[in-house]
Amino acid sequence: MALHSSPILPPAFPAHLRELALQDAVAWSYYLSLPGAVEHTSWGDVSVEALRRQIVDPAHTTRCRRWAILDSDDQLLGTVGLNDIDMEHHRAELAYDLSPAHQGRGLATEAARAVIAWAHTALGCVRIQATVLDSNLRSIAVLERVGMQREGLLRSYRHVRGQPRDFWMYAHTHPQLHGGQGDDRAAP
């Protein structure tokens, strides 16, 4: 795994990425705790302590990579990354979140596009997938803008705040698959 490289946002874009760090847990917890921030997601415990554990957990960090999305003043706007990196099967799951104050500006789209391209090139992943709560229309729009294809509905896939919920499965496959017919819309 290419541990020392990172995805890069377009140079003129008003944000940049860096590895998520312990000091980000306070701002991350703050915006995830705002009303409506996690309503259409499967987030559970968003306390500072839980997020710090997630950042430093060795088992978590070997199969996950997460970057802070920052503005020009290095203020946390959101996070983007990969969960369940599986090098044997060359796949990973895309994940992202944004502060409600910074949604609707293309940040999630550009960050997701950069991570997908990075995962294909730096990690050699042939499949990047994402699961999204069926009610999360904003996230569904992001996934479709970055060229992910809807594959099907996963009924009662995950419990969300105690209730079984349906999730859509999306995927982006490497452009070189299927005789050059792979999905290449996330390429920079």
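Analyst: Begin with two terms. A contact means heavy atoms within 4.5 Å. Buried means under 20% relative accessible area, and exposed means over 50%. Keep in mind that this is a predicted model. Now take H5. The buried residues of this helix pack against S4, H4, S5, strand S6 (149-160) and strand S7 (163-173).

User: Which residues of H5 are buried?

Analyst: Ser139, Ile140, Val142 and Leu143.

User: Which residues of H2 are buried?

Analyst: In H2 the buried residues are Val48, Ala50, Leu51 and Ile55. Their arc around the axis is only 165°, which means that they share the same side of H2.

User: Let us step back to the whole chain. How many helices and strands does the chain have?

Analyst: Six helices and seven strands. From the N terminus on, the order is β-α-α-α-β-β-β-α-β-α-β-β-α. The chain has 188 residues, and 48% of them count as buried.

User: What share of the contacts comes from residues 24 or more positions apart?

Analyst: Take the contacts in the chain with a separation of 6 or more. Residues 24 or more positions apart account for 58% of these. For the surface, the accessible area of the chain is about 9500 Å², and carbon and sulfur atoms hold 53% of it.

User: How do I read a nonpolar core?

Analyst: Start with the general idea. In soluble globular proteins, nonpolar side chains tend to be buried together. In this chain the largest nonpolar core has 34 residues. Val80, Leu82, Leu94, Ile128 and Met148 touch the most other members.

User: Which elements each supply at least two residues of this core?

Analyst: S2, strand S3 (76-86), strand S4 (91-98), H4, strand S5 (127-133) and helix H5 (137-145) do. H4 gives the largest share, nine residues. Another core, of 15 residues, lies apart from it; Leu32, Val48, Ile55 and Leu70 are among its members.

User: Now the aromatic pairs. How do I tell stacked from edge-to-face?

Analyst: Use the angle between the ring planes: under 30 degrees is stacked, over 60 is edge-to-face. The centres must lie within 6.5 Å. By this rule there are three aromatic pairs. In one of them, Trp28 and Trp43 have ring centres 5.7 Å apart and planes at 90°, so the pair is edge-to-face. Trp28 is in helix H1 (residues 25-32), and Trp43 is in the loop between H1 and helix H2 (48-56), 15 residues apart. Both are buried.

User: What are the numbers for Trp67 and Trp118?

Analyst: The centres are 5.0 Å apart and the planes at 80°, an edge-to-face pair. This pair links distant parts of the chain: Trp67 in strand S2 (residues 65-70) and Trp118 in helix H4 (residues 107-121), 51 residues apart. Trp67 has 0% relative accessibility, so it counts as buried. Trp118, at 6%, therefore counts as buried too.

User: Which arginines lie over the face of an aromatic ring?

Analyst: Arg150 lies over the face of Trp168, 3.9 Å from the ring centre. Arg158 lies over the face of Phe167, at 4.9 Å from the ring centre.

How values were computed: Residues are numbered from 1 along each chain as its sequence is written. This is a predicted model: local features need pLDDT of at least 70, side-chain atom pairs count only at pLDDT 80 or more; totals for chains, interfaces and linings use all residues. Side-chain values use heavy atoms; hydrogens and water are left out. Rings of Phe, Tyr and Trp (its six-membered ring) pair if their centres lie within 6.5 Å; planes under 30 degrees apart count as stacked, over 60 as edge-to-face and the rest as tilted. Helices (H or I, at least four residues) and strands (E, at least two) are DSSP runs, numbered from the N terminus. Buried means under 20% relative accessible area, exposed over 50%, partly exposed in between (1.4 Å probe, protein chains only). A charge sits over a ring if NZ of Lys or CZ of Arg is within 6 Å of the ring centre and within 35 degrees of the ring normal. The arc is that of the directions from the helix axis to the C-beta atoms. Accessible areas come from the Shrake-Rupley method with a 1.4 Å probe; for residues, only the protein chains shown count as cover. A nonpolar core is a set of buried Ala, Val, Leu, Ile, Met, Phe, Trp, Tyr and Cys residues joined through side-chain atoms within 4.5 Å.
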